Amino acid sequence: MDSGVENQKIFCVPGQRLCCADENTVAGHGTYERGDGYIYTVLTGQVNIWKEKSTTFIEVKPLGMETIVPTVGDVVTAKITVVNQRFAKCLIFSVGHKILNRSYRGVLKKEDIRAAERDSVEVQKCFRPGDVILARVMPQTELHHYQLTTAENELGVAMAISKNDSTGVVPMVPISWDEMQCPETLMKEPRKVARVVSTNYCLPDLPRKD
């Protein structure tokens with residue numbers, strides 16, 4: 001994108017290619033860098049270009065009411081929907097303590113679940129469908145989903161229901177960094193447990209099924 005367009009109003013739609021990405025031109029809010037070396041948009045809105053020292057940031061300001069979308073580095077809350085040997089899929093429903101107007105699809109690859117022993121991670125022993133997790137947004141490489149990581153002590157499963165709980169309402173409690181226990185049946189299940197460090201932290205309200 002030529003520097004001469006900085007003062008022009010440029011409007012875009014999701015998936016539109018904006019410019020080349022390099023060490024001095026990086027994706028900001030509402031955009032992401034794809035593996036082909038270009039910056040693309042995830043929002044409909046007006047392109048905004050700003051500089052900080054030698055770095056140019058490309059971002060998109062949404063039209064009308066501001067739309068909150070996950071951006072690189074954000075800690076998000078999501079619900080696991082699918083688990084297999086290679087990855088876990090989830091739906092992101094909040095950024096920090098802000099509930100999103102819509103959910104966004106996220107993917108946790110096997111190698112991004114733990115910081116250590118990444119090759120030996122068993123996804124099914126880290127997450128189960130229905131788990132509520134805390135994860136961090138990684139640089140986006142695909143338009144249709146956000147790539148997430150839980151490879152930090154504070155990230156992972158924040159709330160889970162035991163598969164043996166017939167009521168489906170009693171959350172398990174963490175008993176170690178890789179295990180949770182049902183307080184009623186005392187059954188233990190493996191998880192990649194999040195260490196929630198603040199006693200004031202509470203999960204956002206879960207999306208309700210109508």
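Residues are classed by relative accessible area as buried (under 20%), exposed (over 50%) or partly exposed (in between), with a 1.4 Å probe and protein chains only. The structure is a predicted model, in which local features need pLDDT of at least 70 and side-chain atom pairs count only at pLDDT 80 or more, while totals for chains, interfaces and linings use all residues. Residues are numbered from 1 along each chain as its sequence is written, and side-chain values use heavy atoms, with hydrogens and water left out.

Salt bridges were assigned where a side-chain nitrogen of Lys or Arg lies within 4 Å of a carboxyl oxygen of Asp or Glu. Under this rule six salt bridges are counted. One of them joins Glu154 to Arg195, with the closest N and O atoms 2.8 Å apart. This pair links distant parts of the chain, 41 residues apart: Glu154 lies in the loop between β12 (146–149) and β13 (156–159), and Arg195 in the segment after β16 (188–190). Strands, like helices, are DSSP runs numbered from the N terminus (strands E, at least two residues; helices H or I, at least four). Glu154 is partly exposed because its relative accessible area is 30%, and Arg195 is likewise placed in the partly exposed class because its value is 46%.

A second salt bridge is formed by the side chains of Glu189 and Arg191, at 3.0 Å from N to O. Asp131 belongs with Glu189 and Arg191 to one network, joined by salt bridges that share partners. Glu189 has a relative accessible area of 3% and is therefore buried; Arg191, at 1%, is also buried. Asp112 and Arg118 meet in a further salt bridge, with an N to O distance of 3.8 Å. Here Asp112 counts as buried because its relative accessibility is 9%, whereas Arg118 is partly exposed at 39%.

Patches are made of residues with over 30% relative accessible area and no salt bridge, like charges being joined within 9 Å and nonpolar side chains (Val, Leu, Ile, Met, Phe, Trp, Tyr) within 5 Å. Lys and Arg count as positive and Asp and Glu as negative, with His and the chain ends not counted; the place of a charge is NZ of Lys, CZ of Arg, CG of Asp or CD of Glu. Accessible areas come from the Shrake-Rupley method with a 1.4 Å probe, and for residues only the protein chains shown count as cover.

Asp22, Glu23, Glu33 and Asp36 form a negative surface patch. Glu23 is located in the loop between β2 (17–20) and β3 (25–27) and is exposed because its relative accessibility reaches 69%. A patch of positive charge consists of Arg86, Lys89, Arg102 and Arg105.

Aromatic rings of Phe, Tyr and Trp (its six-membered ring) were paired if their centres lie within 6.5 Å, and classed by the angle between planes as stacked (under 30 degrees), edge-to-face (over 60) or tilted (the rest). Three aromatic pairs are found in the whole structure. Among them, Trp50 and Phe57 are stacked, at 4.3 Å centre to centre with 15 degrees between the planes. Trp50 is partly exposed, at 33% relative accessible area.

Lys125 lies in the loop between β10 and β11 (132–137) and is partly exposed, at 44%. Its C-alpha atom is separated by 5.2 Å from that of Pro190, 65 residues apart along the chain.
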